[in-house]
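Take a look at the chain below. This report covers its cores, its rings and its charged pairs.

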Amino acid sequence: MTVELRVAEGWLTVCELSSLTPGRGVAALLPDGSQAAVFLDRAGRAYAIGNQDPFTGAHVLSRGLLGWAAGRPFVASPLLKQRFDLESGRCLDNEEVAVRTYPVRTAAAP
């Protein structure tokens with residue numbers, strides 16, 4: 001099984017599902033030069049958001065800690081600890097800030 005993200009060019013294979021560790025993230029370089037942070041939660045669901053922390057400009061969200069708040073999955077930035085909803089990209093600590101989200105799917109390897 002592979003993990004794929006929806007980007008402008010279509011579905012992009014990022015990695016093998018088995019390469020992801022539940023509760024941890026990985027960074028992926030996208031065709032446009034931007035980065036995505038890809039996560040696998042402990043229930044086996046994959047998520048992808050932009051990897052750049054909007055508060056610091058550093059590409060570090062893939063190194064953040066996963067958690068749940070009010071039934072919503074989030075990643076906490078490893079720098080200033082702001083939490084970003086993995087489904088909507090919205091910052092849970094500042095309503096005016098959000099990161100990009102990417103549709104994710106798992107597919108059988110060709």
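## Starting point

A salt bridge is a side-chain nitrogen of Lys or Arg within 4 Å of a carboxyl oxygen of Asp or Glu. Side chains of opposite charge can pair when their charged atoms come close. The model here is predicted.

## Salt bridges

How many salt bridges does a search of the whole structure find? The search finds five. In one of them, the side chains of Asp93 and Arg83 meet, at 2.9 Å from N to O. That distance is within 4 Å, so the pair counts as a salt bridge. Asp93 sits in the loop between strand 8 and strand 9, and Arg83 in strand 8. The two are 10 residues apart, and the pair links distant parts of the chain. Asp93 is partly exposed, at 41% relative accessibility. Arg83 is also partly exposed, with a relative accessible area of 26%.

Some bridges share partners. They join Arg45, Arg72, Asp85 and Glu87 into one network. Within it, Glu87 and Arg45 meet through their side chains, at 2.8 Å from N to O. Glu87 lies in the loop between strand 8 and strand 9 (104-107), and Arg45 in the loop between strand 4 and strand 5, so the pair ties together parts that are 42 residues apart in sequence. Glu87 is partly exposed at 32% relative accessibility. Arg45 is partly exposed at 44%.

Arg72 forms a salt bridge with Asp85, and their closest N and O atoms are 2.8 Å apart. This pair links strand 7 (residues 72-76), which holds Arg72, to strand 8, which holds Asp85. The two residues are 13 apart. Is Asp85 buried or exposed? Asp85 is buried, with a relative accessible area of 1%.

## Aromatic rings

A pair of aromatic rings is described by the distance of the centres and the angle of the planes. The structure holds one aromatic pair. Which residues form it? They are Phe55 and Phe84. Their centres are 6.3 Å apart, with 45 degrees between the planes, and the pair is tilted.

Phe55 lies in the loop between strand 5 and strand 6 (65-69), while Phe84 lies in strand 8 (residues 83-85), so the pair ties together parts 29 residues apart in sequence. Phe55 is partly exposed, with a relative accessible area of 30%. Phe84 is buried, at 0% relative accessibility.

Arg83 lies over the face of Phe74, at 5.4 Å from the ring centre.

## Nonpolar cores

In soluble globular proteins, nonpolar side chains tend to be buried together. The largest nonpolar core here has 13 residues. Leu5, Leu20, Leu30, Val38 and Tyr102 touch the most other members. Strand 1 (2-7), strand 4 (35-40) and strand 5 (46-50) each supply at least two residues of this core.

A second, separate core has 11 residues. Among them are Ala37, Tyr47, Phe84 and Leu86.

Now return to Tyr102. What does Tyr102 touch, leaving out residues up to four places away in sequence? Its contacts include Leu5, Val7, Leu30, Ala36, Ala48 and Ile49. Arg6, Ser34, Gln35 and Gly50 are also touched by Tyr102.

## Cysteines

A disulfide is a covalent bond between the sulfur atoms of two cysteines. How many disulfides does a search of the whole structure find? It finds zero. Cys15 is buried, at 16% relative accessibility. Cys91 is buried too, at 0%.

Terms used. Residues numbered from 1 in each chain as written. Predicted model: local features only at pLDDT ≥ 70, side-chain atom pairs only at ≥ 80, totals over all residues. Heavy atoms only, no water. Core = buried A, V, L, I, M, F, W, Y, C linked by side-chain atoms within 4.5 Å. Buried < 20%, exposed > 50% of the residue type's maximum accessible area, 1.4 Å probe, protein only. Helix = DSSP H or I, 4+ residues; strand = E, 2+ residues; numbered from the N terminus. Contact = heavy atoms within 4.5 Å. Disulfide = S-S within 2.5 Å. Phe/Tyr/Trp six-rings, centres within 6.5 Å; stacked < 30°, edge-to-face > 60°. Lys NZ or Arg CZ within 6 Å of the ring centre and 35° of its normal.
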